[in-house]
Amino acid sequence: MAMTMTEKVLARRAGKASVAAGDNVWVNVDVLMTHDVCGPGTIGVFKEQFGPNARVWDPERVVIIPDHYIFTADTHAHRNIQILRDFVKEQGIKYYYDPDFIRGEGMPNPYKDPTQTKYKGVCHKALPEEGHLRPGEVLLGTDSHTCTAGAFGQFATGIGNTDAGFVMGTGKLWLKVPPTMKFVFHGQIPPYLTAKDLILAVIGEISVSGATYKAMYFAGDGIASLTLEDRMTLTNMAIEAGGKNGICDVDDKTLAYVKARSNRPDWEVFKDDPGCEYDSVYEWDLSKLEPLVAKPHSPDNKDTARNCRDVKIDRAYIGSCTGGKITDMIFAAAILNGRQVKVPTFVVPGSTEVHADMLRLNLQGQPKADGEKSIWDVLVDAGCTMGPASCAACLGGPKDTFGRLNSPMNCISTTNRNFPGRMGDRNAGVFLASPLTVAASALTGHITDPREYISGPIPTGQAGVV
Ligand code: SF4
């Protein structure tokens, strides 16, 4: 029976020769991820259902990555971190990335050196960096953007605390196999587009509910031409169309990264079989796609950046698991290099590794020579306000969160969600766009097509490669 990649991964971990869309199967989970927002609730469910002395099913497969409410004086946020610390100690959990600078009350001082802290930053960025993603595996996480990991050819999806508490105790979950929608991109990615434009095109076409409980498979030479990091932007936003998971083919870029990082050897690469059944197929020609934005207040409220040139913006934001990767920073810095932003522009690295790379690499994504500017230097010189790695204002958070929209304003942002109140004030308007479009708009104070600033390909060198 011809199967899709998603079906093959689920069949493998269900111990079956084959599965089909609509089948319900018990799936063995490879990794369960949780963070500071949902971890305490998951632990509560686990203890309630399995007893106060229960042990997690595998302390090497539960990965805990605090990232959401880190740089805040909020006492509830600090309490959550302490709950995670206590649980990790009690259970002997091997992979926990502690914000070790949080000690006691008040706003914590950020890490001084991003290479000298156990803290990693945004979970979806830290998971591949720390070797927890592999083709053919099943990753479940208590965060809707867990689907990001599908860029590595695995099945990855977000689950609620109740399901996660069950997985914590058993290592299994009852899952329905989703049908697969195929999104094919033809041609090479042009220098003025990033994966953000591609996924906004998809969501604008099918709507925020267009892929509800379906696998979103991104294919074609256009996807092959993307960096592995940019593919993560595509799969990250599968959930914004209601997708159960997003998934990409495994190629040499994926294999090089996983082989260099993975902490387990036993994974398997799958491909869609010829003749496998798709729920639907959509196609785009990349040479015809323009830089896009999603206007307030929905990721499917698509328009071209060109059409929105009369929209004034008050703030620009570059960060999150969608737009805070090192290649996103290079894209933004390439446009801002030697220029000055016109509106307050907040920059938040997606992880401490991204932060370190911003200090270490030059604009071409190569180790910087003595006297040469780093990516960080370029952004500081352009007038950006720089913050430490975390989710920060992507989801609003407590009032003292870096970059939070604390009053009604227009913000253009590399993040993934723009529902009312998502980044703070309910009356703020968030325009989602690529790091290129956000940077170009920061320079003019109105939404700007990045083609006005781009004359050729933007090299990203070694950035995000392994
Ligand atoms: S950066 Fe934003 S979307 Fe990503 S995990 Fe954090 S809050 Fe969620």
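## Basis of the model

Numbering of residues starts from 1 along each chain, as its sequence is written. The model is predicted: local features need pLDDT of at least 70, side-chain atom pairs count only at pLDDT 80 or more, and totals for chains, interfaces and linings use all residues.

## Domains and their contacts

The protein is divided into domain 1 (5–282) and domain 2 (291–452), with bounds that come from an automatic or database domain assignment. Taken over C-alpha atoms, the centres of domain 1 and domain 2 are separated by 23 Å.

Between the domains, 44 residues of domain 1 are in contact with 43 residues of domain 2 (C-beta atoms, placed from the backbone, within 7 Å). On the side of domain 1 that touches domain 2, H4, helix H6 (195–206) and helix H8 (228–236) each supply at least two residues. H6 gives the largest share of that side, six residues. Helices are DSSP runs (H or I, at least four residues), numbered from the N terminus. By class, that side of domain 1 has 20 nonpolar, 14 polar and 10 charged residues.

## Shell around the ligand

The residues around the ligand include His68, Cys123, His124, Asp143, His145, Cys321, Cys391 and Cys394; a residue is near a molecule if its C-beta atom, placed from the backbone, lies within 6 Å of it. Each of domain 1 and domain 2 provides at least three residues of the shell. Helix H4 (123–129) and helix H10 (320–323) each supply at least two of its residues.

The shell divides into six nonpolar, five polar and one charged residue. In this scheme Ala, Val, Leu, Ile, Met, Phe, Trp, Tyr, Cys and Pro count as nonpolar, Asp, Glu, Lys and Arg as charged, and the others, Gly among them, as polar.

Definitions and conventions:
Two residues are in contact if their C-beta atoms, placed from the backbone, lie within 7 Å.
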